[in-house]
Every structure is written in C-alpha cells, then in structure tokens.
Amino acid sequence: MATHIESDLLVVGAGIAGPALACALAPTGLRITLIERSDEPLDTARGDHLQPITLEILERWGMWPELLALGAERRDRTRWFDGAGRVLLDVPVAELPVPHPYFFFLNHERIGELLLRGAARNPGFRLCRPVKRWTAERHEHGHALRLKMRDGEELQVSAALLVGADGTRSQVRKLAGIEVETHPYVNPIGVMFGRFGEPNEGNGLRAYLNGDRMVAVIPRTGGWCKLGLALSAAEIREWRALDAAEVGRRMRRLVPDIRVEDISFSAVYPPVYLRTDRWVADRTVLLGDACHAMHPARSLGMNTAIRCVDELAKRLPLTGGALDTGSLNAALDDYDASVRPGVDRDLEENHRAGLEMDNADRRSFDELAGALEALQASPEARRRYAINAAGYAGLLD
C-alpha cells in the first residue's frame with residue numbers, strides 16, 4: 001500500500017532549478033516535495049559560475065554563509081585573448097554599481113548541494129530519491145503522482161502545484177501539453193580539467209580565439225580549471241583515446257599561452273537549444289532546461305534558471321502561510337507574461353552565439369576578434385558589456 005504525502009508543491013527534478021525553488025520558498029514553510037530519479041552527484045562538467053545578480057539573489061535567500069562555507073571563490077574579470085596571448089578584451093566588473101561587483105565560482109555539484117541545504121531549512125521540505133518510475137494524474141485540487149522508489153517503496157504525492165524542473169526531456173512538459181522547439185548543435189563541447197601552472201590574475205575566466213577555434217579556460221576552486229572547446233564527433237573519439245600527456249600537448253599547440261598543467265580529457269557536453277511557447281499550464285509551471293535550454297557559449301543557463309525561480313517565488317500567492325489555490329493560475333500567467341519575454345530574448349541572443357561557435361571558421365573568428373577589440377577601445381561599450389555580463393541588463397535601459 002502506498003504511503004500518501006500531502007504537499008503544496010510537487011517539484012520534479014533535483015538539478016539546479018528544482019532545489020533553487022525549494023530553497024527560495026523555505027522561509028514560507030510550504031509543504032514541498034522534490035523528486036529525483038538519480039542519486040548521483042550533479043554533472044560537474046556543467047556551469048560553475050554565479051553572476052553578480054545571482055549572488056544578490058542567493059544572499060537574499062539567506063545562503064551567503066553557506067556559499068562561503070562550501071568554498072566559493074571570487075572572480076573579478078573576464079578576458080579574451082588571441083592565440084598568442086594578446087588581450088583582445090578585458091572586462092573587469094569591480095567598478096559596477098551593484099551589491100556584489102564580482103562573480104563567484106563553485107563546482108556545479110556543490111552549487112546543487114548549497115540549494116538543497118537551503119531547501120532543508122524548511123521542515124515541510126521532503127526529498128524523494130532515487131525514484132525508479134512515476135505516473136501522474138489530475139484531480140480537482142491539483143495533481144497526484146504515484147512513485148515507485150528504487151528500493152521498492154511506493155508513495156503517492158498530492159499537490160496543488162506541479163513544477164517541471166526535469167530537464168530537456170521533461171515529462172512534466174509532455175503531461176502539460178506544452179509545445180517545444182529544439183535545435184541540437186552539430187558540435188559537442190569537449191570538457192577537460194587541469195591545474196593553473198601560475199597565478200591567474202583576479203581568478204579570471206580566459207577565452208582564446210585561435211584561428212577557427214575558441215578555447216575557454218574557466219577557473220574552478222582550489223587552483224583548478226575547466227577547459228572547453230567545440231569538437232566534431234570524429235575529433236571527440238580521437239581526443240577520448242589520448243593519454244593525459246598528449247591531451248596537454250595538443251592543447252598547448254592550440255593555445256601556446258594557455259598556462260595550464262595536468263590537463264586531462266574528461267567529458268562531452270552535447271549542447272542544445274530548447275524553447276517553449278509558454279512556461280505554464282493549469283497549476284503547472286516549467287523551470288530551467290525544461291523550457292529554456294541554452295548553449296554554454298555565454299554561460300547563462302544556470303544563472304537564468306535561478307533568476308526565474310526568484311521571480312516565480314515572489315509571485316506565488318500565499319494566504320495565511322498557505323498556497324492560495326484560487327489565484328494560483330492567475331499568478332502563473334502573470335509570471336509567464338512578465339518574465340518569459342526577457343528570457344526569450346536572452347535565449348535567442350545566446351542561440352546566435354552558439355551557432356557562431358558551432359559553425360566557426362577563421363573569417364567569423366577574425367570578425368569576432370575585431371568586435372572585441374572595438375569594445376576594448378570604448379570605455380562606455382566595455383561598461384555596458386560588463387553590466388550585461390553581470391546579469392543587470394536592466395541598468396542599460
């Protein structure tokens with residue numbers, strides 16, 4: 001016989017967006033059940049960097065002490081170089097008029113841990129994992145999911161609001177009948193890990209343009225870094241077969257100025273563009289990759305998800321500490337109408353950058369290098385670029 005759980009919110013997916021919503025709502029005391037199929041740590045090849053606007057949100061959620069305790073480190077700048085190490089664009093953010101004029105970076109799996117810790121402050125929070133399978137049905141008061149846990153336990157969870165934070169293949173999206181447009185990019189991203197061989201000024205993110213290649217060197221905690229570049233499927237097979245010494249030699253041939261040691265090939269990240277025409281349906285809302293998956297060319301995916309969660313949490317109607325189900329759909333419609341258009345604009349801009357990276361040739365990269373040098377030559381253009389990169393595009397209006 002299944003154990004019955006009554007919840008206000010039932011969240012499917014414990015990546016970033018799902019735990020973020022539970023974290024944001026922890027002070028409300030709402031009954032929140034989060035379900036997840038996997039009991040493995042999050043994919044560490046994914047995003048590690050938190051924009052200044054995201055830091056402001058996490059501080060408001062009360063997560064600043066935990067963020068520091070988990071080892072987050074500060075990044076003060078982003079730099080673009082040509083293959084020989086000449087600076088094309090230097091974007092310091094220290095002078096921005098924002099509460100936190102810097103980025104923080106923390107390994108992706110630790111960011112997930114941070115958000116789950118925040119969610120657990122709520123005595124009404126429950127995490128159910130690993131789920132072997134689940135089925136859903138509608139009832140007059142909302143949704144009911146029947147869960148079969150991997151250990152054989154059966155649970156039935158009822159909730160007024162169903163949240164789909166279950167990634168690009170979202171089952172919640174299918175249940176809600178929300179249409180989706182996708183574009184799988186041709187070239188996956190090869191991900192390598194290494195260690196900085198000398199001090200990296202300001203813990204800067206370094207992006208190199210070398211011929212028809214873009215190589216990103218992204219700082220990680222403890223002096224380590226993640227390296228990423230687009231590779232064809234044939235190249236991926238070749239790189240996977242290399243030993244660590246040859247991986248390092250190839251990277252140094254690509255970027256002589258790379259200054260990274262102990263490089264080893266780790267993972268393949270297959271980027272995808274995904275966009276839905278709406279985020280909400282009757283007492284249902286999508287978050288993160290379930291409704292707006294982005295190419296990592298601009299590192300916006302995780303930060304966009306957290307910003308959206310913050311906006312949704314502000315709009316959920318509460319009456320006497322409980323979810324006001326009578327006005328729930330109106331609140332979801334307001335969230336969709338207010339937040340989705342701006343994210344769609346970011347998504348399309350990011351898609352253009354992803355296509356440029358996917359279809360890169362020497363001519364397009366030479367044009368990009370010229371555009372970066374033009375930004376470097378204009379203090380006002382650099383300031384606007386930094387504000388946008390920090391997540392505060394509204395300051396440009």
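Analyst: Helix α11 (residues 379-389) lies across β5 (77-82) and β6. Its direction makes about 60° with β6. This is a predicted model.

Both strands belong to an open sheet of seven, ordered β6-β5-β14-β15-β16-β13-β17. The pairing in this sheet is mixed. The edges are β6 (87-92) and β17 (260-269). Each of these two has a single partner strand, so one side of each lacks a neighbour in the sheet. On average, neighbouring strands are turned by 20° against each other, direction ignored.

Strands β15 (residues 213-219) and β16 (residues 224-230) run antiparallel and are joined by four bridges. I218 has K226 in β16 as its bridge partner.

There is also an open sheet of three strands, in the order β3-β7-β4. Its pairing is antiparallel. Three bridges link β4 to β7 (residues 103-105) in the antiparallel sense. Opposite R75 stands F103 in β7.

Next, a single site in another strand. A160 sits in β11 (residues 154-164). A160 counts as buried because its relative accessibility is 9%, and the cut-off is under 20%. Beyond its neighbours within four places in sequence, A160 is in contact with S7, D8, H141, G142, H143, R283, L323, T325 and L328. A144 lies 16 residues from A160 along the chain, and their C-alpha atoms are separated by 8.8 Å.

Last, the cysteines. The structure holds zero disulfides. C128 is in none; the nearest cysteine sulfur, in C23, is 18 Å away. C128 is buried, at a relative accessible area of 4%. For C308, the closest cysteine sulfur is that of C291, at 6.8 Å. A disulfide needs sulfur atoms within 2.5 Å, so this pair is too far apart for a bond. C308 is buried too, with a relative accessible area of 2%.

Notes
Residues are numbered from 1 along each chain as its sequence is written. This is a predicted model: local features need pLDDT of at least 70, side-chain atom pairs count only at pLDDT 80 or more; totals for chains, interfaces and linings use all residues. Side-chain values use heavy atoms; hydrogens and water are left out. Two strands pair if DSSP finds at least two bridges between them. Axes are lines fitted to C-alpha atoms, for helices over the stretch in contact, and angles run from 0 to 180 degrees between N-to-C directions. Contact means heavy atoms within 4.5 Å. Buried means under 20% relative accessible area, exposed over 50%, partly exposed in between (1.4 Å probe, protein chains only).
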